Amino acid sequence: KALNEGWIADYTNIYQTKYEPRFYYDSSAGGFVYYDYSFWFTFAAVGSRFCFHSSELAKYFGTQFINIHRKYL
């Protein structure tokens, strides 16, 4: 909520772009590593996700709060 500054994803709006951080597991790096971000549009096959209103926020969260996200997943 704090990072999205009040923005709330509208999962009924298929045209609203939503961004989420992507991670992968790297045993040589000690585990969970930020990889990239992806954007997506809502449609019937996609459930709600932890998402942000911009790619910059997804990247910031993915690099700064990786331990929180690891616990969340």
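Let me start with the largest nonpolar core, which has five residues: Tyr 19, Phe 52, Leu 57, Ala 58 and Phe 61. Three of these residues, the largest share, come from α1. A nonpolar core here is a set of buried Ala, Val, Leu, Ile, Met, Phe, Trp, Tyr and Cys residues joined through side-chain atoms within 4.5 Å. Buried means under 20% relative accessible area, exposed over 50%, and partly exposed in between, with a 1.4 Å probe and protein chains only.

This is a predicted model: local features need pLDDT of at least 70, side-chain atom pairs count only at pLDDT 80 or more, and totals for chains, interfaces and linings use all residues. Residues are numbered from 1 along each chain as its sequence is written, and side-chain values use heavy atoms, with hydrogens and water left out.

On confidence: pLDDT is the predictor's confidence in each residue, from 0 to 100. The protein chain averages 76, and 71% of the residues score at least 70. Where pLDDT is low, the predicted coordinates should not be read in detail.

The elements run β-β-α-α from the N terminus on. Helices (H or I, at least four residues) and strands (E, at least two) are DSSP runs, numbered from the N terminus. Of the 73 residues of the chain, 33% count as buried.

Now Phe 61, which sits in helix α1. Phe 61 counts as buried because its relative accessible area is 6%. Leaving out residues up to four places away in sequence, Phe 61 touches Leu 3, Pro 21, Phe 50, Phe 52, Ile 66 and His 69; contact means heavy atoms within 4.5 Å. Pro 21 is 40 residues from Phe 61 in sequence, yet the two are 7.3 Å apart, C-alpha to C-alpha.

Last, the largest pocket, with a volume of about 230 Å³. A pocket is an open set of points, on a 1 Å grid over the protein atoms alone, where a 1.4 Å probe fits, with protein on both sides within 12 Å along at least five of seven lines; lining residues have an atom within 4 Å of a point. This pocket is lined by 13 residues, and Lys 1, Asn 4, Trp 7, Ile 8 and Cys 51 lie nearest its centre.

Definitions and conventions:
Points joined across faces, edges and corners; volume = space filled by probe spheres on them.
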